[in-house]
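Student: I would like a close look at a single part of this model, with its surroundings described step by step.

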Amino acid sequence: MASTADFRNGMVLEIDGALWTITYFQHVKPGKGGAFVRTKLKNVLSGAVVDRTYRAGERVTSVRLERRPVDFSYTDGDLFYFMDQETYDLIPISGDMLGKGQLRYLKENMECEGLVHDGTVISVELPAFVELEVTETDPGFKGDTAQGATKPATLETGAVVNVPLFIETGDVLKIDRREDKYLTRVSG
């Protein structure tokens with residue numbers, strides 16, 4: 001058990017048998033009445049987001065999720081199969097649970113993090129930074145050095161990100177998948 005004073009971003013709560021992650025919280029002390037905590041919660045399994053308000057000091061059930069390395073193996077329809085590196089079990093995760101933002105950067109044999117609850121992997125998170133090859137982009141031109149100029153590049157997973165003009169097809173790039181942002185060229 002925990003209280004609202006223990007709230008922090010990323011904390012997982014069990015509410016009515018479902019697991020919810022705190023994505024935002026704010027302690028509010030109005031001039032009149034008791035203090036309360038305003039939160040934004042995201043369902044670990046479905047990704048649904050809800051707003052919920054708690055009285056200050058209210059007791060909640062916190063859950064500790066373990067993190068375990070898993071590798072992406074293959075896809076079959078809407079199911080994505082990951083292999084648990086500890087038990088070598090195949091774990092099917094639906095595409096809806098992974099979310100479209102993550103799926104755009106998922107490639108075979110990618111090492112990810114599995115979220116484990118009661119010994120079972122319930123969700124998977126991709127690494128924040130991924131290295132992917134550029135499969136298609138417009139050619140860059142020498143001397144084309146305008147500050148901040150970018151062009152779209154299609155990566156090996158099908159994701160499209162804006163990159164500097166000097167990037168060419170075949171270059172391997174480091175991408176921040178959370179912000180869909182080019183960071184640096186790894187090789188090329």
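Student: Leaving aside its neighbours within four places in sequence, which residues is Leu155 in contact with?

Tutor: The model is a predicted one. Once neighbours within four places in sequence are set aside, the contacts of Leu155 are Tyr105, Leu132, Glu133, Val134, Thr135, Val161, Leu173 and Ile175.

Leu155 also belongs to the largest nonpolar core, which has 27 residues. Together with Phe82, Tyr105 and Leu106, Leu155 touches the most other members of that core. Strand S13 supplies the largest share of this core, 3 residues. Another core lies apart from it and has 11 residues, including Ile22, Val37, Leu41 and Val60. As a general point, nonpolar side chains in soluble globular proteins tend to be buried together.

The strands come next. Five of them form an open sheet with antiparallel pairing, in the order S15-S14-S13-S16-S17. S15 and S17 are the edge strands, and each of them pairs on one side only. On average, neighbouring strands of this sheet are turned by 50° against each other, direction ignored. Strand S14 covers residues 150-155, and S13 covers residues 129-137. Between S13 and S16 the antiparallel pairing runs over 5 bridges. Glu133, one of the contacts of Leu155, has Val172 in S16 as its bridge partner.

Pro164 is found in strand S15 and counts as buried because its relative accessibility is 18%, under the 20% limit. Neighbours within four places in sequence aside, Pro164 is in contact with Ala149, Lys151 and Tyr182. Pro164 and Thr184 are 20 residues apart along the chain, and their C-alpha atoms are separated by 9.6 Å.

Arg104 and Asp180 form it, and their closest N and O atoms are 2.6 Å apart. Because Asp180 lies in the loop between strand S16 (172-176) and strand S17 (181-187), while Arg104 lies in the loop between helix H2 (100-103) and S11, the pair ties together parts 76 residues apart in sequence. Asp180 is partly exposed at 34%, and Arg104 is partly exposed at 31%.

S11 itself carries a further pair. The side chains of Glu113 and Arg67 meet in a salt bridge at 2.9 Å, N to O. Arg67 is in strand S8 (residues 66-76) and Glu113 in strand S11 (residues 111-117), so far as the chain goes 46 residues apart. Arg67 counts as partly exposed at 47% relative accessibility, and Glu113 is partly exposed at 34%. Salt bridges that share partners join Arg67, Glu113 and Glu125 into one network. The count of salt bridges comes to 10.

Definitions and conventions:
Residues are numbered from 1 along each chain as its sequence is written. This is a predicted model: local features need pLDDT of at least 70, side-chain atom pairs count only at pLDDT 80 or more; totals for chains, interfaces and linings use all residues. Side-chain values use heavy atoms; hydrogens and water are left out. A salt bridge is a side-chain nitrogen of Lys or Arg within 4 Å of a carboxyl oxygen of Asp or Glu. Helices (H or I, at least four residues) and strands (E, at least two) are DSSP runs, numbered from the N terminus. Buried means under 20% relative accessible area, exposed over 50%, partly exposed in between (1.4 Å probe, protein chains only). Two strands pair if DSSP finds at least two bridges between them. Axes are lines fitted to C-alpha atoms, for helices over the stretch in contact, and angles run from 0 to 180 degrees between N-to-C directions. A nonpolar core is a set of buried Ala, Val, Leu, Ile, Met, Phe, Trp, Tyr and Cys residues joined through side-chain atoms within 4.5 Å. Contact means heavy atoms within 4.5 Å.
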